[in-house]
Amino acid sequence: MVNALSQVPADFLSALGTLRKAQCRSELRLDEIPAPARLAPYAVALGAEVFRPTAATRRVPVHGPVAKAFIEEQGQHPGDDEDDELATGRFILLYDPEGSAVWEGEFRIVTYIRAQLDADMGNDAMLGSVAWTWLVEALENHNAQYKAAGGTATRILSESFGTLADRPDTIDIELRASWTPSSSDVQAHLEAWSDMVCTFAGLPPLPPGVTGLPNRRLN
């Protein structure tokens, strides 16, 4: 392990250290997941899920393994309340010591968020631009300096037929975005992104200047 760490660039290790300091909302279950191997020489990935707040999750003060252990102490297990999932996401930090002209730097943050809306709200023509605005405002609210940001917002319609015909139509909103942080200190970027996942889930309270969705979880 010591030998392996000695091969990791100091800037990337520093960035990992700032991620560990991030203070994320208790509704957000955040765990490390396998990172993509082909996007950059060094990468770390985090997966997030947002569930309806419960007595147990509201008391979880941190994310990661400690939070998971706390939940299990309460007699729960991750995924027990899967039906109450409000949003999911992925946060990936890439690092290339040689830099990238496309990234305009050595680091790149790649993110994905998905949440389910009811059909009426999902058909709003402005939904994509609103989702992008959430990203920009979240980064600004956390003073997370960045450049070269880009992304796409996609609406996915789901219709049910046959034995499932009684299910209402739903529309999922997906936001895929990436940007280049101004330094190796990415704590504020993770905190901004985690707040945005909660915004997609429609959970208050929200950062100043961010407008939340009304409760739209389908029964």
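In helix α5, the buried residues include Leu 127, Ala 131, Trp 134 and Leu 135. Buried means under 20% relative accessible area, exposed over 50%, and partly exposed in between, with a 1.4 Å probe and protein chains only. Val 136, Ala 138 and Leu 139 are buried in α5 too.

A word on the source. This is a predicted model, where local features need pLDDT of at least 70, side-chain atom pairs count only at pLDDT 80 or more, and totals for chains, interfaces and linings use all residues. Residues are numbered from 1 along each chain as its sequence is written, and side-chain values use heavy atoms, leaving out hydrogens and water.

Now the aromatic rings. The whole structure holds 6 aromatic pairs. Rings of Phe, Tyr and Trp (its six-membered ring) pair if their centres lie within 6.5 Å; planes under 30 degrees apart count as stacked, over 60 as edge-to-face, the rest as tilted.

How are Phe 12 and Tyr 95 arranged, stacked or tilted? They are stacked, because their planes are at 15 degrees, with centres 5.9 Å apart. Phe 12 sits in helix α2 and Tyr 95 in strand β3, 83 residues apart. Helices (H or I, at least four residues) and strands (E, at least two) are DSSP runs, numbered from the N terminus. Phe 12 is buried at 5% relative accessibility. Tyr 95 is buried at 4%.

Next, Tyr 42 and Tyr 95. Their centres are 6.2 Å apart and their planes at 45 degrees, so this pair is tilted. Tyr 42 is partly exposed, at 24%.

To put it together: Phe 12, Tyr 42, Tyr 95 and Phe 107 form one aromatic cluster.
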